[in-house]
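Here is a quick walk through part of this fold. Have the structure open and follow along.

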Amino acid sequence: MSDNNSSTAKSYLDSAIAQGQSALGSLTGSAGDKTEAAARKDQAAAEKEASHTVGKLGPLNVSPSGGVSTDDPNRSEGSWNQTLGSAKESVGGLVGSEALKKEGAQQNAEGKGQEAQGQLSDFGSGVQDRVKGAAGGMVAGITGDREKEEEMKRVHDDAKTKQRSAEADIQKQADA
């Protein structure tokens, strides 16, 4: 559905072809096949990376395929509550106020939950809308409705951007 330069499925196909080509080159002793296989393998890796790349500016997300999405408000609000909670904890520690430290810790924890809720919402709606866009695009392609096919491609690409953004944030937190 999306641009061939950023398709995960195409990257897997190219990687499998590269493996076969490399094996053929090894069997025949063809340096040309080995070189071409290495180039295709590098191209597949670049395609996979591009399909998972999302540019982010605040709650706005953009992908190489042109997909655009905005974060669920709970993601931003949760992050803000974590920041405020941490600040309250720090100030409470500085001035010796256990109540303020406790309030900050609670707000920080609630913010983490709120942000996670937003991430899961974006991930779920991204997957759902990707399927809707892919299926709708196939139907439109079969019926010859090019305008609807392009619309469904945009739905798919925007949803992919939303899903990849949520995945990236979830992974970042898991790595922390």
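## The strands

Let's begin with strand β2, residues 60–62, which is joined to β3 by three bridges, the two running antiparallel. One of the residue pairs to look for is N61 with its bridge partner S69 in β3. Bear in mind that this is a predicted model.

Zooming out, the sheet is an open one made of three strands, ordered β1-β2-β3 with antiparallel pairing. The edges are taken by β1 (55–57) and β3 (68–70); each has a single partner strand, so one side of each has no neighbour in the sheet. On average, neighbouring strands here are turned by 20° against each other, direction ignored.

## The helix on the sheet

Helix α5, residues 146–175, packs on this sheet and touches β1, β2 and β3. The direction of α5 makes about 55° with that of β3.

How far apart are the end C-alpha atoms of α5? They are 43 Å apart, and that agrees with the 44 Å that its 30 residues should span at 1.5 Å a residue.

## A buried asparagine

Now hop over to helix α4 (residues 98–143), where you'll find N108. Is N108 buried or exposed? With a relative accessible area of 12%, which is under the 20% cut-off, N108 counts as buried.

Leaving aside neighbours within four places in sequence, N108 is in contact with N81, Q82, G85, S86 and E89.

Conventions
Residues numbered from 1 in each chain as written. Predicted model: local features only at pLDDT ≥ 70, side-chain atom pairs only at ≥ 80, totals over all residues. Heavy atoms only, no water. Helix = DSSP H or I, 4+ residues; strand = E, 2+ residues; numbered from the N terminus. Buried < 20%, exposed > 50% of the residue type's maximum accessible area, 1.4 Å probe, protein only. Contact = heavy atoms within 4.5 Å. Pairing = 2+ DSSP bridges. Axes fitted to C-alpha atoms, helices over the stretch in contact; angles between N-to-C directions. Expected span 1.5 Å × (residues − 1).
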